[in-house]
Every structure is written in structure tokens, then in C-alpha cells.
Amino acid sequence: MKIKHRPYIVVLLIAFQISLFGKAFTQEQKHDYLLEKYKNLHDSPMQQKFEKIAPVPVGSVYIMRPGETEEDIRKHFRTMKELGFTALKGLMTTPGWTEEEVQLIAIEEGIIPWWYGQGGWEAITDDLLEKLDIPTDMSMEEIRNHPRMIEYQEKVMKERVRKTMQYKKKHPDREAPDGSSTAFDPKVGGTETDLTKAGERLFVDWAKERYQSIDRLNHAYNQGHAGLNIGNNGQMGFISWDEFEDHWKQLSTKEYRHIRDIFRFKADHGLEQIRNDVERFAEFYPHAPYRGGGELGLFYPQTWYNVDLEGIADIMTDYGTFYPSMHYSWHFSRVDNEVLRPTYMQASYAVDIFKGGWAAAWESTGGPQYFSGSGHGFKVDDHTMTQFLLNHIAAGFKGFGLWCWSARTAGWEAGEYSLLTRHNKITPRARKVGKIGQTLQKYRDEIWNAYKEPLVGIFADWNNEATWTAISVHGEDDFRMYPIEARIGASRAMINEDVPFEYVTDSDIRNGLAERYKIIYMPAIIALENDVMNILEEYVKNGGRLVMDMPGAWYDQYSALYPTDEGTVFERIFGATIHDYQKADKNRPNSIGEFPVEGVTAGITPNEAKVMARFSDQGEPAITRHSYGEGTAVLIGYPASHMCFEPERDQAEAKLREYVLGNHESPFSSEGAIVYRLSAPEADHYFLLNSGEDQYVGLKPHENIHYTKAINAITGEAIQLNEKIFLESHSGKWLRLEKQK
């Protein structure tokens with residue numbers, strides 16, 4: 001494994017190195033990554049508006065201090081603008097001031113008083129340009145900066161403020177429509193399977209609509225299986241909907257599909273509530289985007305909280321953006337407060353479930369914290385903020401909103417989280433965030449046209465997570481975290497060897513995106529949907545590489561045993577059957593050669609598949625590979641991804657990559673640093689992150705692309721790619737490599 005954390009590594013790039021001014025590589029990438037299909041997944045007039053304006057808000061929450069005057073307020077906003085901030089993520093006023101009064105001051109000082117920045121502008125159309133007498137052949141940058149455009153859009157924003165003031169005056173007992181959602185709606189019950197009386201009635205109605213007939217419901221709820229049937233006198237399950245309504249709660253928690261359905265029903269109810277809220281908001285504020293997502297950390301089991309984050313993102317297609325809340329002390333406890341790699345994972349997950357849509361962390365950390373949250377305190381200086389925000393941008397976020405500019409002054413969170421000092425003075429981290437914000441503004445059009453080009457698609461499926469969570473209801477609490485930990489482990493192994501990856505969902509597969517990835521990796525996918533496997537069969541036939549680790553292919557969509565015997569889709573794809581599952585544990589340790597394995601192992605019977613490695617315990621097949629059509633399918637007979645959940649499992653990560661990647665290699669790399677890449681037509685953006693002390697690192701850029709110029713995007717300093725690059729401790733660099741035209 002490459003060393004990512006040792007200090008003062010000096011690496012001389014040898015062998016093949018792209019020359020900045022040498023002859024262009026004769027064969028550019030032929031793979032288009034299905035980019036148009038990717039962008040169309042969440043296409044809408046609202047998303048088209050964003051893409052045209054290319055907003056990248058650089059915002060933070062302004063918290064007033066007791067005694068601050070209008071001049072103090074204006075001074076804050078002028079300082080923000082000078083540093084590179086463009087928007088307020090939010091604001092909190094002291095008695096005697098209203099939000100609307102401060103918002104109008106912000107607009108006058110050139111700060112947009114909402115998290116979305118110019119994303120709340122009226123759409124720039126030819127009709128609007130004609131109305132403002134702005135030539136249509138001007139560049140978008142010129143149009144955005146045209147005095148008449150700015151003046152007009154400021155009027156639009158002020159009209160929103162006045163409309164809010166009028167609403168509050170007319171309805172003093174009500175809040176104006178809110179432009180953000182929470183991810184969890186408790187109206188039908190708490191977390192897990194808890195339902196209120198109203199929730200129970202609504203669940204019955206939901207089941208009727210979903211299954212249409214009682215026979216279909218009995219099949220789904222496994223009423224023909226021993227030990228799960230609640231029927232009397234030999235009957236199978238429920239004989240009528242009336243009986244279901246009266247007795248469904250008698251279903252055992254050992255029957256997993258109905259538990260999964262409760263999670264699904266409650267998530268669907270939450271989605272319906274969000275849709276109602278967003279439609280009301282959009283009617284009231286037609287130009288302003290809504291933000292959906294919320295406080296639920298992306299490393300928490302969303303099914304346990306009855307939430308479907310991808311479903312929320314889908315609603316935002318027509319109305320706004322998807323966002324996760326990303327505070328160190330609130331949302332990283334599930335990864336033992338590790339932040340460097342998990343930040344990229346969280347940001348990528350948000351971007352990847354909203355492919356083609358506008359995603360960003362509109363609620364994230366701005367400064368150090370200790371007393372509040374579920375973590376144990378974090379050092380957050382200018383280096384930390386550099387890594388934090390470069391991770392965001394590298395993952396595909398477009399803009400950010402930080403908590404907070406100035407800290408609370410008493411009680412809870414006083415003196416924590418802020419970009420300013422406790423005495424309201426500018427800090428190096430505030431200046432660095434502003435510099436990153438200025439760079440975002442400079443390259444905003446390019447960033448809006450920049451995308452990841454993944455080699456690996458890491459499969460993530462709500463239904464799989466719901467099955468794991470259903471098992472945890474009758475079993476161990478750890479089960480509901482298992483698929484998330486496996487996804488983290490798979491991601492960690494890719495990050496540590498600079499392998500570009502993306503999360504791909506079952507919806508993406510159904511929408512024809514499988515061939516975007518040369519490899520699709522299924523980590524801990526215990527439950528498989530039949531239609532998805534049918535699509536993946538064609539994916540492999542057409543040249544894809546499908547990899548599954550354990551425990552996988554245990555259940556079907558109804559939580560009955562997934563068919564893996566001869567003649568099944570599974571056997572055709574993998575050229576093998578799974579006849580048993582065991583566990584490598586203290587009573588029977590197991591290994592592959594000298595490499596010890598932990599957890600569930602598969603009993604694999606190869607048919608046409610080749611055995612690539614065997615377990616030491618009785619020599620049973622551990623890894624199989626099957627050539628099917630033009631592609632390959634690999635079974636990893638142990639929990640390869642979950643074994644990489646914790647940091648510094650170097651041997652486990654190396655084994656995972658060996659089996660997942662096969663002969664594939666990352667087209668770019670860095671020795672000594674983590675590197676991510678976004679590709680735009682004019683230039684590629686590379687993000688180098690250092691997890692240790694000061695060091696010099698080497699960058700080997702994409703091997704098939706000819707670059708004519710390389711700079712530090714933030715400072716403008718020229719970079720020589722054939723020379724070492726200095727990285728400060730626990731910090732990073734953003735490089736822009738211009739392509740040959």
C-alpha cells in the first residue's frame with residue numbers, strides 16, 4: 001500500500017510521466033461515462049436554471065452580539081465580501097432586530113442573505129435579457145456581472161424580503177414558508193417500527209395500495225413459510241384485508257419483509273410531507289430554491305430513522321438542492337471521529353444520490369468545537385478547513401454554508417464552531433475559507449461542467465440497508481450499521497490507492513447507468529432485487545466487471561432465501577453457486593494463505609468459474625472469477641469491505657483492491673498524498689490532501705490526457721508536474737491542469 005501519512009517523503013516521478021508540453025497522447029479516452037444520461041437523471045427547469053447561472057454560494061451564519069449597531073452589522077458584511085463570502089447561510093438576531101431588517105442591509109452591502117446565493121435569482125432567459133437591454137451574445141460571466149442584471153436581481157431579492165414582512169404582519173402567529181426540510185417526520189411514529197394509532201391506520205392503507213390483493217401481500221410477507229404463517233386451521237396468512245387490518249401486528253419480528261415495509265411506509269410518508277412543504281414554498285417564493293436533506297448524518301442508518309435520502313433528492317429535482325448537514329462533532333462519531341476520508345465519502349454520497357442535480361453541504365462546520373455534539377472535540381484551523389472544503393469540491397459540491405461566521409455569545413455552543421475568534425476578530429481559517437471561495441467564484445462555470453470519471457461504482461441500495469435494519473430489530477443493533485460500515489470500508493480502500501469511484505444506486509442501475517462504471521462492487525449486499533440482477537447480467541455480458549463480497553445474495557426482495565443454485569441468474573453471472581454460509585470466528589479461524597479473514601464466509605461451488613484463491617480451512621474456494629460474455633464476475637467469499645472499515649487495515653485493503661480491480665488501474669495517482677480529480681472540458685481539477693506532517697509529494701496526472709499548463713488554483717502559482725509538490729501538514733492543494741485545445 002502507498003504511504004499516505006509519513007512526513008517528508010520526496011518522490012521523483014520516474015517511468016511514464018506526461019510532459020506538459022510534449023506530444024499529445026494520440027488516443028483520448030473513448031469512454032464518455034454516459035455523461036448525458038447522468039446529467040438527465042435529475043434534469044428539470046430548476047436544475048437548468050442553476051446550470052446556466054452556475055451559483056457557488058460561499059456562505060456562513062451571522063450571529064448578532066448584544067449591542068451591535070447597524071454600522072457593526074454593515075462592517076461584518078463588508079468584511080465577509082472582502083474575504084470572498086457571497087451569502088449568508090442564515091442569521092440570528094438579537095432583540096430589537098428582525099431578520100428582514102438585517103437581510104435588507106446585507107443586500108445593500110452585496111451579500112445575498114440566503115444560503116443559495118445567486119441560485120435564487122430569477123432565471124436568465126432571452127426575454128429577461130431583452131427586457132434589461134443586455135446583449136444575448138455576451139458571455140454568462142459578463143451577463144451575471146452586468147450592472148443592470150445585478151440591479152434587477154437585487155430588486156427580486158428585496159421583493160422576497162418585503163413579501164415575507166407582509167406575510168408576518170398579516171399572520172403574526174405563523175411562520176413564513178420555510179425553504180428547508182428535515183429528513184425525519186415523526187407524525188406517524190418514532191424511529192424503528194414504532195407507529196402511532198394514525199400511523200397504523202395509514203400503514204394498512206399503504207399496504208393495500210402497494211399490494212392490491214391479499215394474496216400478493218401473503219406472498220410478500222412469507223406466509224407460505226414455516227414459522228412465519230399466522231393463519232388458522234391450515235390457511236395461509238390473511239384471508240381478507242379486514243383480517244389484515246385487525247391482526248397484522250401479530251406478525252412476528254422474525255418476518256423481515258413487513259418490517260422493511262414499515263420503514264418504507266414511514267419514509268414514503270415523510271417524502272409526501274416534504275413534497276407538500278416544497279410545493280407551498282415554491283408557490284410563495286417562485287425563484288428561491290428549496291433545500292432537502294437535513295441533520296441526519298450520512299453515516300447513520302437512514303432506514304432506522306425511516307428516511308429515504310435518495311427519495312428526498314429526487315423531489316429536489318424540480319425545486320432545489322439536496323444537502324447533508326456535516327458537522328464534525330455531530331456527524332462523524334460513527335467513524336470514531338475520523339474526518340479526512342469520511343468527509344469525501346459523505347460529500348460523494350450526497351452528490352451521487354442526486355446525480356446531475358445541485359448538491360452541497362449547506363450546514364457544515366466553520367470552527368473548533370468541544371462541548372456540543374456527540375464527538376469529543378476537534379481542532380479546526382485553516383489547514384483543517386482547507387481539507388474539509390477541498391473534499392467538498394472534489395466530491396462535486398458547488399458552494400458551501402458554514403456554521404458560523406460569529407459564534408453564539410452565551411450558553412449552548414458559545415464560542416464554538418465560528419470562523420471568527422471569541423472576540424469577533426478575523427482568523428487565518430476565515431481568510432483561507434474566503435480564498436477557497438474566491439477560487440470557486442473564479443472557476444464557477446468550469447466547476448459546474450466538471451464531473452468525476454469513476455472507475456468503480458460502489459453499489460448502495462436502500463432496500464438492502466432496510467433488510468439489515470429489519471434483522472437488527474430481532475437481532476443485534478450492530479446489524480443496522482453493517483452495510484454502512486462495509487460501504488465505508490470499500491470507499492477507504494479506493495481512496496487510499498487513488499482509485500476514482502462513485503456510489504451507484506439501484507435506481508441508477510434501473511435508469512441505465514451501469515455501463516458508466518467499468519467495475520461495479522457490491523459490498524455486504526445481503527438483499528438483492530431480482531430486476532436489478534437481471535440488468536447486471538446484461539452489464540456483465542456487455543463487458544462489465546461485477547464483484548460481490550460477503551455476506552451477499554442471502555435474501556431476495558421479500559426476505560426469502562435468494563436463489564443461487566444451478567440455472568439461476570446468480571449462477572449464470574458468477575458461474576458458481578453458494579451452498580452455505582459460515583463464519584470465520586474463534587472456534588474456527590480462517591485465512592487465505594497468510595491473510596486472516598473475519599466474519600461471514602461463503603461456501604462456493606464453482607461450475608464454470610475459476611478458483612482464484614482458497615481458504616486455508618479445508619481448502620474451500622475463497623475467490624472465484626467467471627468470464628461471462630464480454631465481462632467478468634467475481635465472488636469474494638469473505639467480508640472484504642467490512643474488514644476495511646477501520647483505518648490502517650493495509651493488508652485487507654490491498655486484498656480488496658486485488659480482487660475488485662483485477663487488471664484495472666487508476667489512470668492517475670499521487671505518491672504520498674490522497675488525490676481526487678474532477679474533469680471539465682477546458683481543464684481538470686486535482687485535489688491533493690495530506691493526512692500527516694509537511695511533505696513533498698509527486699502527482700502523476702491522467703495518463704491519456706495532454707495538459708499544457710498547471711497551476712495552484714488558489715494562488716495562481718505555476719506547478720511543474722515533473723517536480724515534487726509541497727503540502728503543508730494536514731492540509732491540501734487545489735491544482736488546475738489546463739487541457740490542450
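Four strands make up an open, antiparallel sheet in the order S20-S21-S25-S23, where two strands pair if DSSP finds at least two bridges between them. Strand S20 (674–679) and strand S23 (707–712) sit at the edges, each pairing on one side only. On average, neighbouring strands of this sheet are turned by 20° against each other, direction ignored; the axes behind such angles are lines fitted to C-alpha atoms, for helices over the stretch in contact, with angles from 0 to 180 degrees between N-to-C directions. S23 pairs with strand S25 (residues 732–739) in the antiparallel sense over 5 bridges, and within that pairing Asn 712 stands opposite Leu 735 in S25.

A word on what is being looked at. This is a predicted model, in which local features need pLDDT of at least 70 and side-chain atom pairs count only at pLDDT 80 or more, while totals for chains, interfaces and linings use all residues. Residues are numbered from 1 along each chain as its sequence is written, and side-chain values use heavy atoms, with hydrogens and water left out. As for the element names, helices (H or I, at least four residues) and strands (E, at least two) are DSSP runs numbered from the N terminus.

Another open sheet has 3 strands, in the order S19-S22-S24, again with antiparallel pairing. Its edge strands, pairing on one side only, are strand S19 (669–671) and strand S24 (725–727). Strand S22 (residues 695–700) and S24 are joined in the antiparallel sense over 3 bridges, and the bridge partner of Tyr 696 in S24 is Phe 726. In general, strands of a sheet pair through backbone hydrogen bonds, either parallel or antiparallel.

The parallel kind turns up around strand S1 (residues 58–63). S1 pairs with strand S2 (residues 87–92) in the parallel sense over 5 bridges, with Gly 59 having Ala 87 of S2 as its bridge partner. S1 also pairs with S7, again in parallel, over 3 bridges, and there Val 58 stands opposite Phe 400 in S7. Together, S1, helix H3 (residues 70–83) and S2 make a right-handed β-α-β unit; right-handed means that, with the strands pointing away from the viewer, the path from the first strand over the helix to the second runs clockwise. S1 is largely enclosed by the rest of the structure, because 6 of its 6 residues are buried (buried is under 20% relative accessible area, exposed over 50%, partly exposed in between, with a 1.4 Å probe and protein chains only).

Ser 364, in strand S6 (residues 361–365), counts as buried too, at 0% relative accessibility. Leaving aside neighbours within four places in sequence, Ser 364 is in contact (heavy atoms within 4.5 Å) with Met 326, His 327, Phe 388, His 392, Gly 401, Leu 402 and Trp 403. Trp 403 is in turn joined to Cys 404 by a cis peptide bond, with omega about 10°. Cys 404 itself is placed in the loop between strand S7 (400–403) and helix H16 (428–442).

A cis bond also joins Met 550 and Pro 551, with omega about -5°, and Pro 551 lies in the loop between strand S11 (545–548) and helix H22 (569–574). Most residues other than glycine have a negative phi, and most peptide bonds are trans. Against that background, Asn 337 has a positive phi of about 65°, in the loop between helix H13 (328–331) and H14. Gln 618 likewise has a positive phi, near 65°, and is found in the loop between strand S16 (610–614) and strand S17 (621–628). Gln 618 counts as exposed, at 63% relative accessibility.

Helix H14 (residues 340–352) has 13 residues, so at 1.5 Å a residue it should span 18 Å, and the 19 Å between its end C-alpha atoms agrees; the expected span is 1.5 Å times one less than the number of residues. With 13 of its 13 residues buried, H14 is largely enclosed by the rest of the structure.

Finally, Arg 480 sits in the loop between helix H18 (462–474) and helix H19 (482–495), and is buried at a relative accessible area of 11%. Residues up to four places away in sequence aside, Arg 480 touches Pro 301, Trp 304, Trp 468, Thr 469 and Ser 472. The C-alpha atoms of Arg 480 and Thr 303 are separated by 8.5 Å, although the two residues are 177 residues apart along the chain.
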